[in-house]
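Please open the structure in your viewer and keep the sequence beside it. The stops below take you from one selection to the next and say what is found at each.

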Amino acid sequence: MAETDTKPRHAELGLSDDDVLGMYRAMLLARAVDERMWLMQRAGKIAFIISGQGHEGAQVATSWPMRSGQDWMAPFYRSIASAMTFGMTAEDIISAHLAKGDDVSSGGRQMPGHYGGAPYNIVSLSSPVGTQVLHAVGIAMGAWVKGDDVVAMTQFGEGTANQGEIHEAMNFAGVHKLPVIFVCENNGYAISVPLDRQVAGGSVAARAAGYGMPGVTVDGGDVLACYAAAREAHDRAVRGDGPTLIEANVVRLTSHSSDDDQRRYRDPAEVDQLKERDPIPMFADELRAIGVLTDELDEQIRTEIKAEVNDANKRADARPEPTTADAHERVYADPIPGGGTATAMESLSGTEGH
Ligand SMILES: Cc1ncc(C[n+]2csc(CCOP(=O)(O)OP(=O)(O)O)c2C)c(N)n1
Ligand SMILES: [Mg+2]
């Protein structure tokens, strides 16, 4: 790139050209995995998919400062790009959705969209929305007690922000100055309920003042703005200065899930306009404008990603199914009394009232 007087935005933030290309690649990969899983769902191979499309910019950028193998993440069901930025692979995510017997998330015990994994320091999701926010605060509290240098990040939607436990979690983190980054991905809807019917005052970040922490609102389509907010929040947490609440305004490009049809409650014109805020072309344009991305390089990255997803899909497909013999594994800490395994499971399922 030609020398100029002013540094590009990413260089101002301490990011190299390779870093921003890595972010762009991570966004494309998450999108490609997501799109593949929709196809698999429609083909009857996956029971259910809940998509992160439109959230990738905010997710990759806010997860980028997180230290894999050291920090912890308590994500939500839309966090495919966050989980992959923090270490999960395309094969892990697809295997979890296929409920394979050796899937790292749960060995096929969890619902689709409930990925995670001990090797990655990613807490497995719970279906009741918001519980992960408490888990992140608990992890940060544990690290603080032990004197460990750990930052916990948690992600959730703006609808979830209205659950009672979110107040408890944020207040507790604020009081004890815990190293937590709360990332609210505001896509304007909680299933079919629009923002003005769920968030009084219209802003989740504004609530941070009441919890004694900074509240930052960022455009979720502006990858570098999201990164800057997360970088600062991470530095702050590591310094011992406490938590931060980031609210990233994103777009939900798909229906809430594969069981939903947003045409029933959203104006088609509104849905069409969302594409203008798709973070992938927006970031591509920005990188092209500064000469970091070229059409040839874009084509090359997309070709590589296609091959990566095809491979991941094939490997995930070939993995073993769970068996009845190990049905209780990863569910109970101790074997089922009376011998466990298939016999116990069969007798349990045959018991009246169970
Ligand atoms: C405690 C609880 N209440 C309701 C639900 C059903 N539910 C699942 S997702 C969802 C919407 C959450 O919206 P938001 O937090 O904005 O996240 P988004 O899906 O928009 O990303 C609801 C109500 C649930 N899973 N748990
Ligand atoms: Mg929402």
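Begin by selecting helix α11, residues 295-318, whose 24 residues should span 34 Å at 1.5 Å a residue, and whose end C-alpha atoms are 35 Å apart, so the two values agree. The expected span of a helix is 1.5 Å times one less than its number of residues, and helices (H or I, at least four residues) and strands (E, at least two) are DSSP runs numbered from the N terminus. This is a predicted model, in which local features need pLDDT of at least 70 and side-chain atom pairs count only at pLDDT 80 or more, while totals for chains, interfaces and linings use all residues. Residues are numbered from 1 along each chain as its sequence is written, and chains are lettered from A and ligands numbered from 1 in the order in which they are written.

Stay on α11 and colour V309, A312, N313 and A316, which are its buried residues. A residue is buried if 20 or more other C-beta atoms lie within 10 Å of its own, exposed if 12 or fewer, and partly exposed in between, with C-beta atoms placed from the backbone. These buried residues of α11 pack against α2 (17-42) and α5 (90-97). K314 also lies in helix α11, but K314 counts as exposed because it has 11 C-beta neighbours inside 10 Å. If you draw a distance from K314 to P194, 120 residues apart along the chain, the C-alpha atoms are separated by 39 Å.

Next select helix α6, residues 131-146, where 16 residues reach 23 Å from the first C-alpha to the last, close to the 22 Å expected at 1.5 Å a residue. Which residues of α6 are buried? They are Q132, V133, A136, V137, I139, A140 and A143. These residues lie on the same side of α6 because they cover an arc of only 155 degrees around the axis, the arc being that of the directions from the helix axis to the C-beta atoms. The face of α6 turned away from this buried side carries the exposed residues V145 and K146. What covers the buried residues includes β1 (72-74), β2, α7 (164-175) and β3 (180-186).

Now show ligand 1, which 14 residues surround, the closest being P128, G157, G159, T160 and A190; a residue is near a molecule if its C-beta atom, placed from the backbone, lies within 6 Å of it. The elements that give two or more residues to this shell are β2 (152-157) and β4 (189-190).

From β4, step to I191, in the loop between β4 and β5 (193-194). Phi of I191 is near 55 degrees, a positive value in a residue other than glycine. Most residues other than glycine have a negative phi. I191 is partly exposed, because 13 other C-beta atoms lie within 10 Å.

For the last stop, select V180, I181, C226 and I246, which touch the most other members of the 90-residue largest nonpolar core. A nonpolar core is a set of buried Ala, Val, Leu, Ile, Met, Phe, Trp, Tyr and Cys residues joined through C-beta atoms within 7 Å. Leaving aside its neighbours within four places in sequence, C226 is in contact with G57, A58, A61, T62, V218, G220 and A248, where contact requires C-beta atoms, placed from the backbone, within 7 Å.

Terms used:
Two residues are in contact if their C-beta atoms, placed from the backbone, lie within 7 Å.
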